[in-house]
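Visitor: I would like to learn how to read the surface and the helix faces of a model. Please show me the structure.

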Amino acid sequence: MTKKEMLQLLENRFQQLEMIRIFRKEFEEKEGKRGVLERIDRLLDEINELKKKLGTFDNN
């Protein structure tokens with residue numbers, strides 16, 4: 001994956017988190033509170049992993 005692709009994916013994950021924040025009530029009605037929290041955790045894990053990988057680009 002290129003640095004550009006990682007940055008786009010990172011932006012997409014932040015957008016998903018923002019959508020969950022804005023429409024949290026609707027998400028909780030469909031997925032339940034636990035489902036929403038699990039989705040947020042997965043997104044945050046993916047964001048952290050992408051940031052680590054991007055750090056390796058910056059160090060080269």
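Visitor: Which residues form a nonpolar patch on the surface?

Guide: This is a predicted model, in which local features need pLDDT of at least 70, side-chain atom pairs count only at pLDDT 80 or more, and totals for chains, interfaces and linings use all residues. Residues are numbered from 1 along each chain as its sequence is written, and side-chain values use heavy atoms, with hydrogens and water left out. A patch takes residues with over 30% relative accessible area and no salt bridge, joining like charges within 9 Å and nonpolar side chains (Val, Leu, Ile, Met, Phe, Trp, Tyr) within 5 Å. A salt bridge is a side-chain nitrogen of Lys or Arg within 4 Å of a carboxyl oxygen of Asp or Glu. Here the patch consists of Met19, Ile22 and Phe23, with about 270 Å² of accessible area together (Shrake-Rupley method, 1.4 Å probe, only the protein chains shown counting as cover for residues).

Visitor: Is Phe23 buried or partly exposed?

Guide: Buried means under 20% relative accessible area, exposed over 50%, and partly exposed in between (1.4 Å probe, protein chains only). Phe23 has 37% relative accessibility, so it counts as partly exposed.

Visitor: Which residues of α1 are buried?

Guide: Helices are DSSP runs (H or I, at least four residues), numbered from the N terminus. In α1, the buried residues are Met6, Leu10, Arg13, Leu17 and Ile20. They line one face of the helix because they fall within an arc of 80° seen down its axis, the arc being that of the directions from the helix axis to the C-beta atoms.

Visitor: What is Arg13 in contact with, beyond its neighbours within four places in sequence?

Guide: Contact means heavy atoms within 4.5 Å. With those neighbours left aside, Arg13 touches Leu43, Glu46 and Ile47.

Key
Helix = DSSP H or I, 4+ residues; strand = E, 2+ residues; numbered from the N terminus.
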